[in-house]
Amino acid sequence: MFILKATAQDSKSQGLYIEGGLRYGTALYHPQHAIYLKNLYYGGIEFRFGKQTSGKNRWERMLYYPSYGLTLKYSSLYNFFDPPSVRKERNKVIGQSVALFGYFQGSFFRYKWFSWNYQIGMGATYFTKIHRPNVVYKPDILTPDPNNPNHYINEEGESEAYPDNCLISLYVTPYINLQMGFDFQVAPQLDLCFNANFSHASNASMNMPNFGINELQGIASVRYYFHPKKEFLKVDTFPKHKPQNSLFFTVDPGWLIARYDDNYYFKTGVSIGYMRDFLPVLRAGASFEAFYVRYLAHSKDYNKEEWEKSDSPRIPMPKNIFTGAVYAFGELAFGRYALHVGVGVYVFKGPGQAKHKDLAQNWDNGGTLKRYPHVYEKVGFRVYLGKNLNHFVGASLRAHAPVADYLAFDYGFKFYKFGNWKNCPKY
């Protein structure tokens, strides 16, 4: 591990930096739902304002002196090999996007002038173009199929439909940013940064369609520190940590449009469980979660006649659905903030069709991408509040991989805290 040399001249602006970078890469092609993502490239710019931690808090030292901050990112479809007319045509459908997200950057390895880093970011993104029902994309760069209206001849000579933007249906959607790369110090206040980046934007089933966009990009950036960086010193010991145990409950309401029957549903969960702080930066636990789902209304795109004429008839879901599950999780903590990741297994699902289906499961005509219908996953961010950090709020994305289920807004409370099991003193 490392400790930063502290000086009497340290100020509140010590460790602050700004960073500007260029992005370029591809959108990951989804063969079933996004024909026009073939050979699609994204270019973009980003601006970051962040802070390099100083080691004042123990979690900063235990996580190799991470940095954190806020990023503003702009993306646009841009293929250097396409003529301007083609780029313009594609942007008519997908458009541009602007994302704002917070990030946390840690290090696998750090040396005086070099570091190998990972980065996790979450926030929201705004799209200039979203799904327009009953609109068909008519690309001038392709040949219309004379035997099939609204179809075009692709590069392989096959006939394919080009619907309007079926990837994004809300102007503002959740955004996840993951990256890994290297920083090189070229001057006391200047770094060159090179990263590989994966980002995902979708609305977590709050509206349909919701296939989302995945970007895989390379990033080159320059980082400027307002003050020269401190020197890192290697140390091998940490003060002892007294583990803490707690009992808690949570409530996490949300809503979604079901892929199974294209209707709006209110969905909320409650849980009660146990959590243990093994280290200042690591906690884990388990809980029993119960979920209640209530039908609200037909979606705006619901068409009863098309539903009844479907080649693969779909039985409507029950109006009320109850599920119960056992859930295990871990949290990476940095002060009051924590990254939350967990996996749950259903012990009860029902009634009726709900025993075998999930609201997030089905895509077109009853087809499914889901392999493990009795398992779900969560990833989210929490903020612990109060003098004793007994309250926490946050948001989490629940999914049945690889299908997003719904975005939940969490509130929890630790109602009982105690030390080691042998003496169990309350505090």
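The side chains of Arg23 and Glu46 make a polar contact of 2.7 Å. A polar contact is a pair of N or O atoms within 3.5 Å; within protein, one must be able to donate a hydrogen and the other to accept it, and residues adjacent in sequence count only if both atoms are side-chain atoms.

Before you start, note that this is a predicted model, in which local features need pLDDT of at least 70, side-chain atom pairs count only at pLDDT 80 or more, and totals for chains, interfaces and linings use all residues. Residues are numbered from 1 along each chain as its sequence is written, and side-chain values use heavy atoms, with hydrogens and water left out.

**Exercise 1.** Find Arg23: is this residue buried or exposed?

*Solution.* 
- Step 1: Look in strand β2, residues 16-27, where Arg23 sits. Strands (E, at least two residues) and helices (H or I, at least four) are DSSP runs, numbered from the N terminus.
- Step 2: Arg23 counts as buried because its relative accessibility is 3%. Buried means under 20% relative accessible area, exposed over 50%, and partly exposed in between (1.4 Å probe, protein chains only).
- Step 3: Besides Glu46, the side chain of Asn197 makes a polar contact with the Arg23 side chain, at 3.1 Å.

**Exercise 2.** Work out how β15 and β16 pair.

*Solution.* 
- Step 1: Two strands pair if DSSP finds at least two bridges between them. β15 and β16 have 16 bridges, in the antiparallel sense.
- Step 2: Move on to β17, which pairs with β16 in the antiparallel sense over 13 bridges. Here Phe329 of β17 is the bridge partner of Gly285.

**Exercise 3.** Which residues touch the most other members of the largest nonpolar core?

*Solution.* 
- Step 1: A nonpolar core is a set of buried Ala, Val, Leu, Ile, Met, Phe, Trp, Tyr and Cys residues joined through side-chain atoms within 4.5 Å.
- Step 2: The largest core has 21 residues, and those touching the most other members are Phe248, Tyr265, Met275, Phe329, Tyr376, Tyr384 and Tyr406.
- Step 3: Strands supplying at least two residues each include β14 (244-257) and β15 (263-279). The most come from β17, which gives five.
- Step 4: Apart from this core lies another, of 18 residues, including Ile94 and Tyr175.
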